[in-house]
Amino acid sequence: MKRYVYINENESSHELYCDNRISNRKYTVLNFLPKNLWEQFSRFMNQYFLLIACLQLWSLITPVNPASTWGPLIFIFAVSASKEAWDDYNRYLSDKKANEKLVWVVRQGIRKHIQAQDIHVGNIVWLRENDEVPCDLVLIGTSDPQGLCYVETSALDGETDLKTRGIPATCMGIDFELLHKIKGVIECPNPDKDIRRFDANLRLFPPFIDNDVCPLTIKNTILQSCYLRNTEWACGVAVHTGNETKLGMSRGIPEPKLTAMDAMIDKLTGAIFVFQIVVVMVLGIAGNVWKDTEARKQWYVLYPLEGPWYELLVIPLRFELLCSIMIPISIKVSLDLVKSLYAKFIDWDSEMIDYETGIPSHATNTAISEDLGQVEYIMTDKTGTLTENRMIFRRCCINGVFYGNESGDALKLLNAVAGSSPDVIQFVTVMAICNTVIPIKSKTGAILYKAQSQDEDALVNAAAQLHMVYANKNANILEIRFNGSIIKYELLEILEFTSDRKRMSVVVKDCQNGKILLLSKGADEAILPYAYDGQQTRTFIEVVEQYAQLGLRTLCLAWRELKEDEYQEWSLMFKEASSTLVDREWRIAEVCQRLEHEFEVLGVTAIEDCLQDGVPETIETLRKAGINFWMLTGDKQNTAIQIALSCNFISPEPKGQLLLIDGKTEDEVCRSLERVLLTMRITSSEPKDVAFVVDGWALEIALKHYRKAFTELAILSRTAICCRVTPSQKAQLVELLKSCDYRTLAIGDGGNDVRMIQQADIGVGISGREGLQAARAADYSIGKFRFLKRLILVHGRYSYNRTAFLSQYSFYKSLVICFIQIFFSFISGVSGTSLFNSVSLMAYNVFYTSVPVLVSVLDKDLSEGTVMQHPQILFYCQAGRLLNPSTFAGWFGRSLFHAIIVFVITIHAYAYEKSEMEELSMVALSGCIWLQAFVVALETNSFTVLQHLAIWGNLVAFYVINWIISAIPASGMYTIMFRLCRQPSYWITMFLIVAAGMGPVLALKYLRYTYRPSKINTLQQAERMGGPILTLGNIEPQPRSIEKEVSPLSITQPKSRSPVYEPLLSDSPNSSRRSLGPGTPFDFFQLQSRLSSNYSRNCKDN
Amino acid sequence: MSSYTPSSSAGGVGSADSAAPRRNSKRPKYSKFTQQELPACKPILTPRWVISAFMLVSIVFIPIGVVSLLASRDVVEIIDRYETECVPQNFRNNRVSFIQSDANKTCTRRLTVTKHMKQPIYVYYQLDNFYQNHRRYVKSRSDSQLRDNSSWNDVSSCKPEDDSNGLPIVPCGLIAWSLFNDTYNFSLNNQQLAVNKREISWKSDRDHKFGNDVLPRNFQNGTLKGGKSLDPTVPLSQQEDLIVWMRTAALPTFRKLYGKIERDLQPNEVIHVTLENNYNTYSFNGKKKLVLSTTSWLGGKNDFLGIAYLTIGGLCFFLALSFTVVYLVKPRRLGDPSYLSWNRNPGGH
C-alpha cells in the first residue's frame, strides 16, 4: 500500500519502481500489427467485411475476384492503421524528447547531467529557474532562505497563477553542499492521480538527525510537468517516476462518444443488413428452385445430378457475397475523413478566435461535430462562462455605511481611508492581506499580483487603489504600504479556502504592536452566524441580500484579535491535524472551525462579475433556435437570477414567470415541486417563459425521492436555474436529461464543471481564467461564450447537413449497383453471376463515387448570415429531419428507381448482337457513374470550384481510368472502353439514362421546392433572390471579431442592464467601456494608477 | 482522444515565455478554404430554370429520337425461326431425341428479301432462353490457356469440362464445349451465295486473347459431345466461330455473328438456306433464329432508343408545359417570408 523511498540509495529502488521513462504510446513496434488489427476488428462492420472477404476466398461461391473486397478492406485498414501509427509515432517523438532531456541528478554524491529517463525513485534532482519538473519530487532544498519556491502548474491543472511550495521543516537549514549526501526515507502512498493530495512522511537519517517524522503535503512537492519560477534553484527527491507520476496516472483514455447521427446510421445499416438477408434468402431459394427445374434442362451448364451436401447453401452464399456491397465499405472511412475536416474547420475558424488571448477554438474530439447541430439542452455554468470571471470591486458596506451606491462614493471612501477611520482601515487591511495572493515586483517597479482566485485579485487591487498597497511578501513577512508608511505583518497561518468551509482566514501578527489577528473573509452564511454575540448582523444580511439582487458577488469580511495563548494552543492542534495521513482535510476543517468564531464583522464587499460580450445575444439566438438553457451554478440564488435576467436567460415579469422549488424537508420540497409542476402544465400552452429555480438542497431531495416528477418538470421546462449545486449534481442533471433522450451540451470553464462536461453528449470548455481544466476535458474548447452560437449554428448545422447527405448518399450508390446485380441475376438464371467485373466493383466504391461526395463537406445550404438571422432553422437538425428512416426511404426509392432505369435501358439498348457481357457491364456501370454525378450535382446547394472539379473531374477520371485498363491486353475488359466510346449508341444511351433517371427526380424536387417548400428552401430562395426577408432579421449581425481587434472599444454594447451601477473603483481595463453613462463618476478614474494598468497587462499575459 | 497532455509536450501550454509565439503559431492562416468562404455559385430551382431545362431536353431529345427511329427503320432485317420447322413431323413430339439421334438434320429454308439490302449483310444466329451468362457457364473458361500455348494445361477454372480421360482439353470449359454447330449455306437463284466467315470476331480477340500457336487438343473427345468440333490443325486465333461464341452474351436472348454476305440483295429475291440443324435447344425449349440484317450508324434494328427518346422528350415537353401552366395559374413567390412562420414553437416536444 505504501512505498518507502530511500533518498540517495541508488540500487534498491531499481527493481521496485520503474524508471522515469515516459511513455504515452499505445503500441510498440512488435505489438502494433496484432493490437491494431484486434482493435479494428472489434467493430461490427469490420467483422462483417472480414467475413465477406473470407467467404470470397471460396472460389465456388464468389461471384467476383476476392480482390474486390480484399482490396478496399486492406486499403481501409491500412488507412486507419497508418493514422494510428502516425499518431503513435508523434507521441513517441515527444516522449523521446522528454525522456532524453538532460537534468542534473546526484549520483554517488556528485551532481551529474543525465537524461531524464534515467532518473530513479530516490534520486535527488536539481532544477534551475524555468526548468520543467521531470518527475514528482519532494522538495528538500531551494535557493530561498525560507525554503520556498514558486511553481507554475498550468500544464497540470490549468491554473496560471504561481503556487508556493516549501521544503519540509526538517530539511530547513541544511547546507547547500550537504544536500548531496542527504539520506533518509520518505513514506508515501502508492501513485494515484489526485493532484491535490500527497499525504506522506519524511524521516532523515543521521547525521541529519531528526528523529521526528516530518509530515509532507502537496505543498512540499513539485509535480511532473510543472515549471519552476522565480526561484534560482530547487532540489528534490524523486518519489514517483515515469508513468507513475500524478500526471501520468491521471492520463486516461476517455470513452468514445457516439453521436445521435452515428446511432442513426448504425440503425439504418442494421435495417439494410436485414433487407440484405431477406434478399439473399429469397434469391437463394429462387436460385435453388430454378436450378432444380430449369438449369437441369440447360445441358450446356452440365449440372451434376448429385451435388455435395452444401449444394443448397452455395447459391444463397453467392448472393450474400453479391449483396454484400449493399453496405458500403467506404462509409466509415469517408465519415472519419469528413469529420476530421469538420473539426479542422472549427480549429481554423478565424471568427472563433479569442483575440484577447489569441487562442483559437479547438475541437479535441473530432468525431462528434454533427451532434452540435442536434443539441436540445445546453447546461451552462455561470461564473467564467456567462460572465467574464473578471472581478471588479463595485461596492462595499463598512459598518453600516454604504459606499458605491451613488456617484462620488468612491471619494467618500477614499476620504474615509485617508481620515483613518479605524473601521475602514481595518476593512481595507483585511482586503489587502487576507488572501493567498503573491505580489511580484516587475523590473519597472510596478507590482503584479498572482492570485489564485479572481475575487482576491479584485480585492487586493481595490485595496491598492485605496492606498493600502500590498507591496511585498518576503517569506512570512507581509509588507503593506499605507499612506507612505510601511506596515509589516508576520503571516502565522493560512486557513485555506475550501468549498465546504466557504471562507478563508489568515492569522497574522502585527509587527508593530505584536498583536495576533485572525482575518477572515467568506460567504455570508459562513461568516455572519459566527459573529460575536453582541453584534447586530441584521444590516449585513440585508446588505448581502440587496447586493445579490444586483447580481453582485458578496463577501463578508471579519476579524478577531487572538490572545497569545489561545493561538499557541490552537497552533499545536493545527500542526497535528496537518500531519495526519487519514482524512486530513476534514480534520483541518474541524480545527479551523475552533478558531473561526466570535468574529467582529467588518463589512461586506460586492464584486461584480461582468457578463461576457455577446452573451445575451447568444442566448437569445440559441433559444430561438429551440435550444433549452439550464444554468447550473454554485452561486447564490439571487445572484444567479439576476445574471439570468441580465443575459436574457429568463424574461422579466410579466412575460416570464419564475417558479421556485425550495424547502428544507422532503415534504416541503415535494409540495413545492408539485405546485411548480401544476403551474408548468397549465402554462405550457401559453406563450410565456416559465422557468424554475431550484437550489442544491432541494435538488438533492428531488433527485433522490421525486425523480419522476422532477424529470417531468425537466421535460416541460425550457429554462431552469439550479443554484448552489455541486459538481456531481451538475453531472447528475446532465445524466437526467440524457436519460430522457435529449442531446445535451454542457459548457463550463472551471474544474467544477469537468464532470458535467464529461457526462454530457457534448462538452464545451471555455479556456478561461479558471484555467484550462474544463477545456482539456471538453470535446470543444472555445475562448468566449458567444462563440457557442457559431459553433452550434454554423459548424454544428453544416456538419449535420453534410453528414446526412454523405451517409445517405453512400448507401444510395451502393444500393444502386447492388440492385442492378440483383436484377441481372433474374436474367442470368438466378445463378449469382456478377454483371460487373471485379475491378469495377472495387473501384466503384473506393474511387468512382467517393471523391465527389467528399467535397460535400464544402456544401452550404444557407449562408452563415441567414442561419444567424433565422436560428429557428436549426430545428431541422435537432429533429433529425435530414437523416431519418423516411428520408432514407427516399434515397432507397431513388436507388431502386435509378437501378431500374439503368438496367432496363441498358439491356434494351444493348440487346441482341450487342449483348456482349463486358460491353453491357461497362454500359451499366457508366450509366451509374453518370447518374451519380448528376445526383450529387442536384443535391449540392453551393458549387465552389472544388465541387465542380470533383464532380465533373470524377466523371472524366472514370473514363481515363477505364481507358487505361482497356489498354492492358491481359485485362478482361481489353479494348472495351475504346470500343464503346466510338459507338454513337453508347453516348445516346448515356444521355437517355441521365434524362430518364434525373427527370423525375428533378421534377419532384422542383414541385416540392416550389409548392411545398421546407423552411430551408424558403430561406434559400429568399437568400438568392435577395428578397426583403434579409432585413427582417431582428438580430444585428455579429460584429466581426477582426474589426474588434483593431478598435477594441467599438464593440456594440449589450443593452444597458436595468440596475445601473457605476464601478466603485475602476480597476479593470473593462471599466472604460462600462462607465460611458452620464456623469463620469470618479476623479481618480482618469488618473488610473500605474498599478491598474499593470494589472491589465498582467491579465493579457495570462 | 483528449488524453491528458503528457509532460513532454506541456511546454506549449504552460510556460509564460512561450505565450507570445504561441499566439501567432496557433492562429490559423486565413484562407478562403479554411474559412469555408470559397466563392460559390448557388443555383436554385426557379420555375424559369426548371421549365427551360425540361424544354431543352425535349427539344434535344425529340429530334434525336426521330433520327434514331429512322435509322433503326432503315435497317432491313430478315428473321427466320427454324427450330420447329426443321424437325420432321414425326419427331415433333420428341424433338430432343431427334436432335440427339444420328438422323439427317439437313433442312432447307426459303427467305424472301422484302426490301433492298445494302452490303454488307450480316448473318446472325439468334438463340433464345440460352443462358450464356449463367455463373457456372460464364466462369468455365481459361483465358491463359487460350492466349498462350505454354499454359495449355491450365484448366483449373474449366470444371467440369477440364479434361477428357485425364488429358487437358484445349480449349477447355463449358463455353467452348457447347460451341454452336448449326451451319448455313445460302444460295440465290441456284447460285451459291458466298458468306464471308473471316473477320467476324473482334480483332483484339484474334490478336491478343486467342493465341495463334494454340491448337485444339482433345476437344470434344469426351463421352458427352457438346457442340461443334474444331479442326485440330487450325490455331485458335483463326477459329472465328469459337472466338465469337466465347464472347459470352449478357442476356439470355442474343445474336452472334455467323458471317457476312458481301453483295446487295434486291427486293423479292428469294434466298434458299440449306442448314444443318445440329444444335440442341430443344431440351430447354430455346428458339433458334437465322437473321440477315443490314446495319446503320446505330447498329442493328432496334427501335428502343428511338422510342425511348421520343417518350422522354415528349414527357419532358409535357412536364415543361404543365409546370408553365401551373406556374401561371397558381404563381407562387419564391422565398415569401410568409411561409416562414416561426410562431409555433419549433422546439416543442
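**View 1. B:Arg247 is a buried arginine, at 12% relative accessibility.** Buried here means under 20% relative accessible area, exposed means over 50%, and partly exposed is in between (1.4 Å probe, protein chains only). This is a predicted model, so local features need pLDDT of at least 70 and side-chain atom pairs count only at pLDDT 80 or more, while totals for chains, interfaces and linings use all residues. Side-chain values use heavy atoms, with hydrogens and water left out; residues are numbered from 1 along each chain as its sequence is written, and chains are lettered from A in the order in which they are written. B:Arg247 forms a salt bridge with B:Asp205, with the closest N and O atoms 2.8 Å apart. A salt bridge is a side-chain nitrogen of Lys or Arg within 4 Å of a carboxyl oxygen of Asp or Glu. B:Arg247 sits in the loop between α9 (240-246) and β8 (254-261) of chain B and B:Asp205 in helix α8 (residues 203-209), so the pair ties together parts 42 residues apart in sequence. B:Asp205 is buried too, at 2% relative accessibility.

**View 2. B:Arg247 also forms a salt bridge with A:Glu916.** Here the closest N and O atoms are 3.1 Å apart. Across the interface of chain B and chain A, the rule finds 3 salt bridges. The count of residue pairs in polar contact across that interface is 27 (both at pLDDT 80 or more). A polar contact is a pair of N or O atoms within 3.5 Å; within protein, one must be able to donate a hydrogen and the other to accept it, and residues adjacent in sequence count only if both atoms are side-chain atoms. Helix α10 (residues 304-329) of chain B gives the largest share of the side of chain B that touches chain A, 9 residues.

**View 3. Chain B meets chain A through 107 of its residues, in contact with 141 residues of chain A.** Contact means heavy atoms within 4.5 Å. The area buried between the two chains is about 10,600 Å², and carbon and sulfur atoms give 64% of that. Buried area is the accessible area (1.4 Å probe) that two parts lose on being put together, summed over both.

View 4. B:Asn280 is buried, with a relative accessible area of 10%. Its side chain reaches the backbone nitrogen of B:Ser283 at 3.2 Å. Leaving aside residues up to four places away in sequence, B:Asn280 touches A:Trp299, B:Ile99 and B:Gln100.

**View 5. B:Arg73 pairs up with B:Asp303 in a salt bridge, the closest N and O atoms being 3.0 Å apart.** This one links distant parts of the chain: B:Arg73 is in helix α3 (residues 47-74) and B:Asp303 in the loop between β10 and α10 of chain B, 230 residues apart. B:Arg73 is partly exposed, at 44% relative accessibility.

**View 6. A:Lys344 forms a salt bridge with A:Asp347, with the closest N and O atoms 3.9 Å apart.** The two are 3 residues apart in helix α9 (residues 331-348) of chain A, which means about one helical turn separates them. A:Lys344 is partly exposed, with a relative accessible area of 39%, whereas A:Asp347 is buried at 13%.

Conventions. Helix = DSSP H or I, 4+ residues; strand = E, 2+ residues; numbered from the N terminus.
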